[in-house]
Amino acid sequence: MNLSREKEQAFKEALTYLQEAMAAEKCQACGCFHQLVVALGQAFPAGVGPQELRETVEAAKLCLVERQYDCLGCEVCIPPLVVNALTQALGEAVADLEVCPTEKVEERRGWPPLPGAYQVLRYQAPVAVCCLTAEDLAAAVVREAGPEIAIVGTLHTENLGIERLIQNVLGNPHLRFVIVCGPDSKQAVGHYPGQSLAALAQQGIDDRRRIIGARGRRPLLKNLSPESVAHFREMVEVVDLIGETDVTQVLLAANQCASRNPGLARPFEASSILAPVPGYLPARMVSDPAGYFVVYVDRSRGMLSLEHYLNDGVLDTVIEGATAAELYTPAIDRGLISRLDHAAYLGRELARAEESLRVGEPFVQDAAPELASSACGPACHEAGA
Ligand code: SF4
């Protein structure tokens, strides 16, 4: 293969980068490098392209170990450097090689439908916070988040990462804002997920599903329909705080977004949206075969007391403690509760009793919600009051 001096140099550079990735343990287990090796193998089968490249790719296949992550998000990612150099040497056909893992991930039931590096805080809140590569900032936002923040996560790639972000945001019609903050990737060549997300919000995608105006080498949203991208752009505002690492500023922005929340978005696929179940009371009371409880507040001793009676009225256990958890834990361990509705009722009453002890208000044990009179003992259970 005859190449000009310039192209020859770019070709050698590509091989050097490839060998660098082959020697790096982190790349051997990384989805980006796996994807590059597969893509090069497919683009240059036997008899196609420079033999030296084919031989290096074959050698690279032997270096791969079991994939441990999709993309490590390194500041300088080697596979895009390989593709850039090869593009210079061999032409534009190489530029479209996939070097990031882009397999479609199976959606699951519920929200968020796709896995990722995020933490869910609440469903019915209007703000998602994307901290780009700043995991420490994401942790701080999670710690200090108010009720306006639904989900906090990081984002490392401008293709797979943005695809998943959009799908997860579209799965919750309460979400109307995505705040993008933290430092964008600093690669000279490679991923710019923050800039790409901001560009997507402003300009959308072209006919090849490439984000218009994105600086990354692979801003392709292959697994998203143009309709879903359009819906995201119409319904969700991307707030550009790229570079901001001060948690206070991020929380302030979240607050400002919430103050102008336009309300529920039009669902993209109504069938996949999690609809709240309206609450209701049980139609009839079913006694717990294990017996019933009486809760007392013993103010003179600063204690709560839980008496357990068998259904024939015989007391078989008394539990004492200062908090609800200290009472219900032994009750569960001893098998004194056999029904979930009874456990829920006991938890509620013990929490009320604990609060009554704390604030000094009288405590009256409520009947189970479906009954006019309690099946769990006498109506008033204040001892030493
Ligand atoms: S992100 Fe790039 S440089 Fe980092 S481990 Fe993966 S392939 Fe290697």
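The model is predicted, so please read every value below as computed from its atoms.

**Helix H4 and its covered face**

Let's start with helix H4, which runs over residues 51–63. At 1.5 Å a residue, its 13 residues should span 18 Å, and the C-alpha atoms at its ends are 19 Å apart, which agrees. Which residues of H4 are buried? They are Leu53, Arg54, Thr56, Val57 and Ala60. Looking down the axis of H4, you would find these buried residues within an arc of 165°, so they line one face of the helix. The cover over the buried residues of H4 includes helix H1 (5–23), helix H3 (31–43) and helix H5 (78–90).

**A stacked pair of tyrosines**

Next come the aromatic rings. A pair of aromatic rings is described by the distance of the centres and the angle of the planes. The count for this model is 2 aromatic pairs. One of them joins tyrosine 292 and tyrosine 309, with 5.4 Å from centre to centre and 10° between the planes. This pair counts as stacked because its planes are under 30 degrees apart. The pair links distant parts of the chain, 17 residues apart: tyrosine 292 belongs to strand S6 (residues 292–298), and tyrosine 309 to strand S7 (residues 303–309). Both tyrosine 292 and tyrosine 309 are buried.

**Arginine 215 over a ring**

Arginine 215 sits in the loop between helix H8 (193–203) and helix H9 (226–235). It lies over the face of tyrosine 192, at 4.4 Å from the ring centre. Leaving aside residues up to four places away in sequence, arginine 215 touches Tyr192 and Gln195. Arginine 215 is also 22 residues from proline 193 in sequence, while their C-alpha atoms are 9.0 Å apart in space.

**Cysteines, and how accessible they are**

Is arginine 215 buried or exposed? At 54% relative accessibility, arginine 215 counts as exposed.

| Residue | Relative accessibility | Class |
|---|---|---|
| Cysteine 30 | 8% | buried |
| Cysteine 32 | 1% | buried |
| Arginine 215 | 54% | exposed |

Cysteine 30 is classed as buried because its 8% falls under the 20% cut-off. The 1% of cysteine 32 likewise puts this residue in the buried class. How many disulfides does a search of the whole structure find? The search finds 0 disulfides. A disulfide is a covalent bond between the sulfur atoms of two cysteines.

Conventions
Residues numbered from 1 in each chain as written. Predicted model: local features only at pLDDT ≥ 70, side-chain atom pairs only at ≥ 80, totals over all residues. Heavy atoms only, no water. Phe/Tyr/Trp six-rings, centres within 6.5 Å; stacked < 30°, edge-to-face > 60°. Helix = DSSP H or I, 4+ residues; strand = E, 2+ residues; numbered from the N terminus. Buried < 20%, exposed > 50% of the residue type's maximum accessible area, 1.4 Å probe, protein only. Lys NZ or Arg CZ within 6 Å of the ring centre and 35° of its normal. Expected span 1.5 Å × (residues − 1). Arc of directions from axis to C-beta. Contact = heavy atoms within 4.5 Å. Disulfide = S-S within 2.5 Å.
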